[in-house]
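Subject: Structure for you to look at

Hello, I am passing on a structure that you have not worked with before. Please open it first and then read the notes below it.

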Amino acid sequence: MNETLWYVSRATGTLSIVLMTVVMILGLVLSGARQRAGERTTVIQGVHRSLALGMLTFLVLHIATAVAETYVHIDLISAFVPFTSPYRRFLVGLGTLSVDVLAAVMATSLLRHRISQRVWRVVHRSTFAMWPLTLWHGIAMGTSNEPLLRGTTIACAVAGGIVVIWRIAGSHHDSARRREVLRQEWT
């Protein structure tokens with residue numbers, strides 16, 4: 001049983017990183033000057049949201065199996081409070097920080113129509129910190145002896161990095177107006 005939980009924890013962690021990367025890439029495609037208009041954008045947004053839910057499912061399984069398996073001791077508190085794990089405190093803490101940021105992103109996404117666009121955007125942009133922390137957690141902690149799992153995580157880093165650079169390189173034709181609107185107070 002314990003060995004099964006260990007394998008499930010690693011598999012769901014890897015799937016979470018893959019799905020998180022795809023979700024981030026789709027979010028970047030939706031957010032830029034190179035954004036498509038119309039029906040295609042609606043489809044991409046639907047896939048972005050659906051894969052985010054799938055990622056959350058695998059992430060919950062990853063956390064549950066990491067807490068349940070007994071080879072190492074990671075308690076439930078350590079899954080939500082960073083840097084409290086007795087096992088590999090720093091690396092588990094990176095994963096925990098990612099979970100906490102993801103919780104804030106989820107909450108603001110669910111409340112998007114009740115909060116200002118500025119607040120939603122700032123919190124959503126925190127994924128630029130969450131994603132590298134997640135990759136670091138995955139590479140350093142979970143895939144050290146498994147070339148396929150390590151390679152998958154590194155491939156996610158490369159693919160996501162390319163899209164981040166692609167997104168940063170693009171600019172809107174109306175950037176000045178967008179900055180002006182973002183400075184306005186939302187009511």
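Helix α6 covers residues 147-169, 23 residues in total, and 32 Å separate its first C-alpha from its last, close to the 33 Å expected at 1.5 Å a residue. Helices here are DSSP runs of H or I with at least four residues, strands are runs of E with at least two, and both are numbered from the N terminus. The expected span of a helix is 1.5 Å times one less than its number of residues.

The model is predicted, so local features need pLDDT of at least 70 and side-chain atom pairs count only at pLDDT 80 or more, while totals for chains, interfaces and linings use all residues. Residues are numbered from 1 along each chain as its sequence is written, and side-chain values use heavy atoms, with hydrogens and water left out.

The buried residues of α6 are L149, T153, C156, G160, V163, V164 and R167. Buried means under 20% relative accessible area, exposed means over 50%, and partly exposed lies in between (1.4 Å probe, protein chains only).

Helix α3 has 22 residues, which should span 32 Å at 1.5 Å a residue; its end C-alpha atoms are 31 Å apart, so the two values agree.

**The loop between α2 and α3**

R88 sits in the loop that links α2 (39-68) to α3 (89-110). R88 counts as partly exposed because its relative accessibility is 36%. Its phi is positive, about 40 degrees, although R88 is not a glycine. Leaving out residues up to four places away in sequence, R88 touches A140 and M141; contact means heavy atoms within 4.5 Å. R88 and M141 are 53 residues apart in sequence, yet their C-alpha atoms are 8.4 Å apart in space.

F83 is found in the loop between α2 and α3. F83 also has a positive phi, near 60 degrees, and is a residue other than glycine. With 32% relative accessibility, F83 counts as partly exposed.

**Pockets**

On a 1 Å grid over the protein atoms alone, a pocket is an open set of points with protein on both sides within 12 Å along at least five of seven lines, where a cavity is a set in which a 1.4 Å probe fits but cannot get out; lining residues have an atom within 4 Å of a point. Points are joined across faces, edges and corners, and a volume is the space filled by probe spheres set on them.

The largest pocket holds about 1500 Å³ of space. Its lining has 43 residues, and G27, H48, R112, W120 and H124 lie nearest its centre. Helix α2 gives the most to this lining, 8 residues.

The second largest pocket holds about 710 Å³. Of its 36 lining residues, S9, H62, A66, H137 and M141 are the closest to its centre. Two or more lining residues come from each of α1, α2, α3 and α5, and α1 gives the most, with 8 residues.
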